[in-house]
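Me: I am new to this structure and would like to go through it step by step. Could you show it to me before I start asking?

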Amino acid sequence: MKIGIMNNPSKSVYDEATFCGKAGFDFLDLTIEGPNASNVDSSKLSLTLDTYGLSITGHTDPCLPYTYPIQGVREACFNELERCAGIFSALGAKVMNIHPCYFCPPAMRKDLISFHIEALAPIVEMAASYGLTMVFENFRTPFDRVSTFKNLLTEVPGLKLHLDFGHSNFGFDNHEVFCGELGEHIQHVHFSDNRSRSDDHMPLGVGTVNWQSAVKSLKATGYNSTITLEVFCNDPNMQHKYLNLSRELIQELWE
C-alpha cells in the first residue's frame, strides 16, 4: 500500500512535488488543471520525482465537458486528455483518472449515462495506447451508485473504478457497498473527510467518514495499491501537519 498526495493546482506543480518528496510520501497524484498546473514540463518535473524517489498517478481536469453532445467539444476534450496522457506516460504513470461529466442540455439529461459510455470508449483505448489504465471516479448522482458503475464497467471494456471515499460519504451508495460489490474493479483510491454534505477535502478524522469501516472495507477487497490524501489547506505548515496526521491514521488502521 502506497500513500501519496495531490498537488494543489493553485500552486506551482514543481514546488508541490518538492513538498511531497520532503514530506516522505510515496507518490504524487499529479492533477493537470488551472490555474497553475495546466502546463507541465515533464523533464523538469521528473528531476524532482527522481530526487525523492516519487512515482505518480494521473489526475485530469474535473471540468472537461468530454461527453457534451457536440462533436467538436468532445474532440477538443479528447485532444486535451491525450495531451495529459502523454505527460503522465512520460513520467511513468500507470493510472489516469477521469471524472463524471455533468454538462449537457437539460432536456438530454436522461441520456447522461449513455453519453458517457459513448465518449469513454475511445478515451479508454487512447489511454491504453500510452500504457495507462483509465479509472472513473465516483461523485454525485447518477455516478454515486453501484448500479451506474456496473453499467459503465460492462459497456466500456478496460475501464476501472477510482473510489473516492469522501465522495461516497455524501452519495447514494457508501464505501461499504462500493467495496463489497465492485472491489475487484478498484484501481485507485482517494481519501479525504467531509461532513456528509459536500466535498470539503478535510483531514481524516475531522468529518463524518467512518475510517475504521473505510479501511476495513478496502482491505477486504484485497486492495494494496495507491491511496491519495486529497487534503488541502491554505497554511503550508498546517497542511503538512494535517497530511501527517491523516497518513498516521491510515497506517494505524491498516495494520
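Reply: What follows is a conversation about helices, salt bridges, a pocket and a loop residue. Please bear in mind that this is a predicted model.

Me: Let us start with helix α5. Which of its residues are buried?

Reply: Helix α5 spans residues 146–155, and its buried residues are V146, T148, F149, L152 and L153. They cover an arc of only 155° around the axis, so they lie on the same side of α5.

Me: And what do the buried residues of α5 pack against?

Reply: Their partners are α4 (112–129), β5 (133–137), β6 (160–164) and α7 (175–182).

Me: Then on to α7. Which residues are buried there?

Reply: In α7, the buried residues are H175, F178, C179 and L182. Their arc around the axis is only 105°, which puts them on the same side of α7.

Me: What do those residues of α7 pack against?

Reply: The buried residues of α7 pack against α5, β6, α6 (165–168), β7 (186–191) and α8 (211–220).

Me: Changing topic: how many salt bridges does the structure hold?

Reply: There are five salt bridges in the structure. One of them joins K150 and E181, with the closest N and O atoms 2.8 Å apart. K150 lies in helix α5 and E181 in helix α7, so this pair ties together parts that are 31 residues apart in sequence.

Me: Are K150 and E181 buried, exposed or partly exposed?

Reply: K150 counts as partly exposed, at 38% relative accessibility. E181 is also partly exposed, at 43%.

Me: What about R74? Which residue does its side chain meet in a salt bridge?

Reply: The side chain of R74 meets that of E118, at 3.5 Å from N to O. Since R74 lies in helix α3 (residues 71–90) and E118 in helix α4, the pair ties together parts that are 44 residues apart in sequence.

Me: Buried or exposed, for each of those two?

Reply: R74 is buried, with a relative accessible area of 11%. E118, by contrast, is exposed, with a relative accessible area of 52%.

Me: Where do E80 and R83 lie?

Reply: Both lie in helix α3, three residues apart, which is about one turn of the helix. The side chains of E80 and R83 form a salt bridge, with 2.8 Å from N to O. E80 is partly exposed at 24% relative accessibility, and R83 is partly exposed with a relative accessible area of 31%.

Me: Now the pockets. How much space lies in the largest pocket?

Reply: The largest pocket holds about 280 Å³ of space. Its lining consists of 18 residues, and those nearest its centre are P62, H99, F139, H167 and D199.

Me: What classes of residue make up the lining of the largest pocket?

Reply: The lining has 10 nonpolar, four polar and four charged residues.

Me: One last topic: where is G183 found?

Reply: G183 is in the loop between α7 and β7. At 11% relative accessibility, G183 counts as buried, because the cut-off for buried is under 20%.

Me: Which residues is G183 in contact with, leaving aside its neighbours within four places in sequence?

Reply: With those neighbours left aside, G183 is in contact with F178 and T221. F178 is one of the buried residues of α7.

Methods
Residues numbered from 1 in each chain as written. Predicted model: local features only at pLDDT ≥ 70, side-chain atom pairs only at ≥ 80, totals over all residues. Heavy atoms only, no water. Buried < 20%, exposed > 50% of the residue type's maximum accessible area, 1.4 Å probe, protein only. Helix = DSSP H or I, 4+ residues; strand = E, 2+ residues; numbered from the N terminus. Arc of directions from axis to C-beta. Contact = heavy atoms within 4.5 Å. Salt bridge = Lys/Arg side-chain N within 4 Å of Asp/Glu carboxyl O. 1 Å grid on protein atoms, 1.4 Å probe; cavity = no way out; pocket = protein on both sides within 12 Å on 5 of 7 lines; lining within 4 Å. Points joined across faces, edges and corners; volume = space filled by probe spheres on them. Nonpolar A, V, L, I, M, F, W, Y, C, P; charged D, E, K, R; others polar.
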